[in-house]
Amino acid sequence: MSTTGTYDITGLDLSDDSYTVEQSLVRNKYKAMDRNGNVVLRGKQKMFKAKESFPFVDGNDNDVFEVNAGSMLDVAGNYTLTDSQTDEDLVVLDNDFSILQDTWRVRDAQTEEVLAQIDSQGAAITLARHFLPFGQWIPHKYEITDSEGGHVGNIDGQFSMKDRYDITIDDASSVPKEVIIAAAMVIDAIQGN
């Protein structure tokens with residue numbers, strides 16, 4: 001099994017076990033805050049791009065990584081997380097599109113080893129979010145598991161005017177926290193949540 005040290009992002013240290021991700025009211029811009037309310041990461045979806053692109057900066061506005069779609073209009077596909085300082089591809093977020101459940105896999109960019117899986121909880125909620133008027137306002141919940149199916153943590157949506165998620169990581173021994181925080185932002189932007 002891989003260790004999280006392999007996936008360190010230059011200049012980024014996320015050592016807490018809980019974070020809050022909040023979307024701005026206007027567009028797909030996000031910030032992640034630690035438990036003390038300090039902004040530790042910001043990300044935004046680049047507008048008017050043929051391929052989805054999400055640059056991320058730390059709390060001091062230093063470039064730390066980017067997440068880029070593998071192809072144009074990639075609703076169910078691959079999104080590669082690349083360290084901005086080393087240009088090394090670290091992990092890939094794979095969206096397994098389904099009407100009943102939103103599933104994302106986090107895998108190593110070189111070996112393709114699955115590191116984690118992020119699954120929405122509850123088919124009824126997923127269906128309602130996709131098909132009911134104003135369904136996107138229903139807060140959703142994801143469970144994060146490691147490659148062997150063991151519980152790692154949760155991403156819990158909160159009911160508010162702007163999307164807000166509480167991310168709790170109970171066991172990050174085999175899953176890089178940076179990837180989970182970035183995934184929460186990317187999932188929200190891609191799926192129009």
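Rings of Phe, Tyr and Trp, the last taken by its six-membered ring, are said to pair if their centres lie within 6.5 Å, and a pair counts as stacked when the planes are under 30 degrees apart, as edge-to-face when they are over 60 and as tilted otherwise. The legends below use this wording for a predicted model.

**View 1. Two aromatic pairs in the predicted model.** A search of the whole structure returns 2 aromatic pairs. One of them joins F56 to F65, whose rings are stacked with 4.5 Å from centre to centre and 20° between the planes. F56 has a relative accessible area of 2% and is therefore buried, while F65, at a relative accessibility of 0%, counts as buried as well. Y79 and W104 form a tilted pair, with 5.8 Å between the ring centres and 45° between the planes. Because Y79 belongs to strand 6 and W104 to strand 8 (residues 103-108), this pair ties together parts that lie 25 residues apart in sequence. Both Y79 and W104 are buried.

View 2. The protein contains 2 helices and 12 strands, and its elements, read from the N terminus, follow the order β-β-β-β-β-β-β-β-β-α-β-β-β-α. The 12 strands close into a barrel in the order 1-2-3-4-5-6-7-8-9-10-11-12, with antiparallel pairing, and from one strand to the next the twist averages 20°. Of the 193 residues in the protein, 48% are buried.

View 3. Strand 6 (residues 78-83) pairs with strand 7 (residues 89-96) in the antiparallel sense, over 5 bridges. Within this pairing Y79 stands opposite L93 of strand 7, and Y79 is also the residue whose ring forms the tilted pair with W104. The loop between strand 7 and strand 8 holds D102, which counts as buried because its relative accessibility is 7%, below the cut-off of 20%. D102 and I187 are separated by 85 residues in sequence, yet their C-alpha atoms are 9.3 Å apart in space.

**View 4. Strand 10 between its two partners.** Strand 9 (residues 114-120) and strand 10 (residues 141-146) are joined in the antiparallel sense over 5 bridges, and here D119 stands opposite E143 of strand 10. Strand 10 also pairs with strand 11 (residues 151-158), again antiparallel and over 5 bridges, with I144 opposite G153 of strand 11. Strand 10 and strand 11 form a hairpin that has 4 residues between the strands, and in its turn G149 has a positive phi of about 90°. In a regular strand the side chains alternate between the two faces of the sheet.

**View 5. The second largest pocket and its lining.** By residue class, the lining of the second largest pocket divides into 7 charged, 4 nonpolar and 3 polar residues.

Key: Residues are numbered from 1 along each chain as its sequence is written. This is a predicted model: local features need pLDDT of at least 70, side-chain atom pairs count only at pLDDT 80 or more; totals for chains, interfaces and linings use all residues. Side-chain values use heavy atoms; hydrogens and water are left out. Ala, Val, Leu, Ile, Met, Phe, Trp, Tyr, Cys and Pro count as nonpolar, Asp, Glu, Lys and Arg as charged, and the others, Gly among them, as polar. Two strands pair if DSSP finds at least two bridges between them. Axes are lines fitted to C-alpha atoms, for helices over the stretch in contact, and angles run from 0 to 180 degrees between N-to-C directions. Buried means under 20% relative accessible area, exposed over 50%, partly exposed in between (1.4 Å probe, protein chains only).
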